[in-house]
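Please look over the model below with its surface, its helices and its overall dimensions in mind. The briefing that follows takes these topics in turn.

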Amino acid sequence: MQDRTRNLGDLWSGLALAALGTYIIVQALQWDYVTPEGPGPGFFPLWYGIAMLALSAALVVSELRRRSARATAINWTPVGRALSTWLALAASVALLKPLGFLVSFALLTYFIVAVMYRRPLKTAALVAAASAAGFFLVFRVALDVSLPVGVLGF
């Protein structure tokens with residue numbers, strides 16, 4: 001059972017990494033590859049994306065070659081939990097501009113602790129607030145790096 005789960009993980013991880021590698025390549029092609037001073041800002045991301053795409057393709061191909069002819073049943077509970085985490089991450093990224101980093105990160109942390117780890121709501125709120133405060137202290141106070149702010153000002 002674990003071998004089948006690992007193989008499905010290899011397939012989906014490979015596809016996700018292929019999508020990410022393609023995105024990195026597309027973005028890197030919009031930057032200068034070479035400048036008069038040497039490699040431009042698009043040089044390393046382009047090759048990183050190419051390497052990621054090639055290795056993810058190898059992962060997917062190796063999984064498809066190993067796949068047995070018999071059908072395997074998919075346990076949708078863990079798949080649904082993983083997809084809901086991805087959805088929460090996407091929502092957090094979408095809320096980054098209107099709410100700011102600290103609030104969107106706190107909401108993401110709250111969701112993961114309360115829903116994914118099934119902890120009490122009070123515990124989830126404390127972890128979310130402490131994590132956001134930790135990011136604020138490290139980046140804004142210690143490193144003097146501003147985090148994206150939203151309409152609420154933080």
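In this predicted model, Ile74, Trp76, Val79, Leu83, Trp86, Leu89 and Val93 make a nonpolar surface patch of about 730 Å². Patches are made of residues with over 30% relative accessible area and no salt bridge, where like charges are joined within 9 Å and nonpolar side chains (Val, Leu, Ile, Met, Phe, Trp, Tyr) within 5 Å; a salt bridge is a side-chain nitrogen of Lys or Arg within 4 Å of a carboxyl oxygen of Asp or Glu. Accessible areas come from the Shrake-Rupley method with a 1.4 Å probe, and for residues only the protein chains shown count as cover.

Because the model is predicted, local features need pLDDT of at least 70 and side-chain atom pairs count only at pLDDT 80 or more, while totals for chains, interfaces and linings use all residues. Residues are numbered from 1 along each chain as its sequence is written, and side-chain values use heavy atoms, with hydrogens and water left out.

**Helix H3**
- Val79, one of the patch residues, is found in helix H3, which covers residues 76–94 (helices, H or I with at least four residues, and strands, E with at least two, are DSSP runs numbered from the N terminus).
- Val79 counts as partly exposed because its relative accessibility is 30%, given that buried means under 20% relative accessible area, exposed over 50%, and partly exposed in between (1.4 Å probe, protein chains only).
- Gly80 also lies in helix H3 and is partly exposed, with a relative accessible area of 35%.
- The C-alpha atoms of Gly80 and Tyr48 are separated by 30 Å, the two residues being 32 apart along the chain.

**Helix H5**
- Thr109 is found in helix H5 (residues 101–116), where its relative accessible area of 11% makes it buried.
- The side chain of Thr109 reaches the backbone oxygen of Phe105 at 2.9 Å.
- Apart from neighbours within four places in sequence, Thr109 is in contact (heavy atoms within 4.5 Å) with Val127, Ala128 and Ser131.

**Whole chain**
- The chain has six helices and two strands, and from the N terminus on its elements run α-β-β-α-α-α-α-α.
- The chain has a radius of gyration of 20 Å, whereas a compact globule of 154 residues would have one near 15 Å; the radius is taken over C-alpha atoms, and the globule rule is 2.2 Å times the number of residues to the power 0.38.
- Buried residues make up 24% of the 154 residues, and the accessible surface comes to about 10800 Å², of which 72% belongs to carbon and sulfur atoms.

Note on methods
Polar contact = N/O pair within 3.5 Å; in protein donor to acceptor, adjacent residues only side chain to side chain.
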